[in-house]
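Trainee: I have a structure open and a few things to ask about it. Can we go through them one at a time?
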Amino acid sequence: LYLIHAPHTRERIEQYSALEALRAEGRCRSIGVSNYGIHHLQELLAVCAVPPCVNQVRDLSVWCLHAIDASNFTGRVQPVHHSYAAP
């Protein structure tokens, strides 16, 4: 699984296209994103050939509402919402 860590750059579509190329070449089996908000996912899903298999987000109380909104959105479409906690 290769992930784009965060959508903080304007080149996020080009970065994701590079992951799609790696997948097409057989260099990885799964591709996804991390810390993407709903608008980032909508932007990506509108242009990608292979939808991300996961949107991994850090489970912090600060991000709670954002994570719930993203989870509700991704519950209707791919990618799968995945949370993690860090010490």
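Trainee: Is Cys 53 buried, exposed or partly exposed?
Mentor: Cys 53 counts as partly exposed, at 25% relative accessibility. Buried means under 20% relative accessible area and exposed over 50%, with partly exposed in between (1.4 Å probe, protein chains only). This is a predicted model, where local features need pLDDT of at least 70, side-chain atom pairs count only at pLDDT 80 or more, and totals for chains, interfaces and linings use all residues. Residues are numbered from 1 along each chain as its sequence is written, and side-chain values use heavy atoms, leaving out hydrogens and water.
Trainee: How many disulfides are there?
Mentor: Zero, from a search of the whole structure. A disulfide here is a pair of cysteine sulfur atoms within 2.5 Å.
Trainee: What does Tyr 16 touch?
Mentor: Leaving out residues up to four places away in sequence, Tyr 16 touches several, among them Ile 4, Val 33, Cys 48 and Pro 51. Contact means heavy atoms within 4.5 Å.
Trainee: New topic. How many salt bridges are there?
Mentor: Two in the whole structure. The term means a side-chain nitrogen of Lys or Arg within 4 Å of a carboxyl oxygen of Asp or Glu. One joins the side chains of Glu 43 and Arg 12 at 2.6 Å, N to O. Glu 43 lies in helix α2 (residues 38–47) and Arg 12 in helix α1 (residues 12–24), so this pair ties together parts that are 31 residues apart in sequence.
Trainee: Are those two buried or exposed?
Mentor: Arg 12 is buried at 16% relative accessible area, while Glu 43 is partly exposed at 34%.
Trainee: Which residues form the other salt bridge?
Mentor: Arg 27 and Glu 25, at 3.3 Å, N to O. Both Arg 27 and Glu 25 are exposed.

Technical notes
Helices (H or I, at least four residues) and strands (E, at least two) are DSSP runs, numbered from the N terminus.
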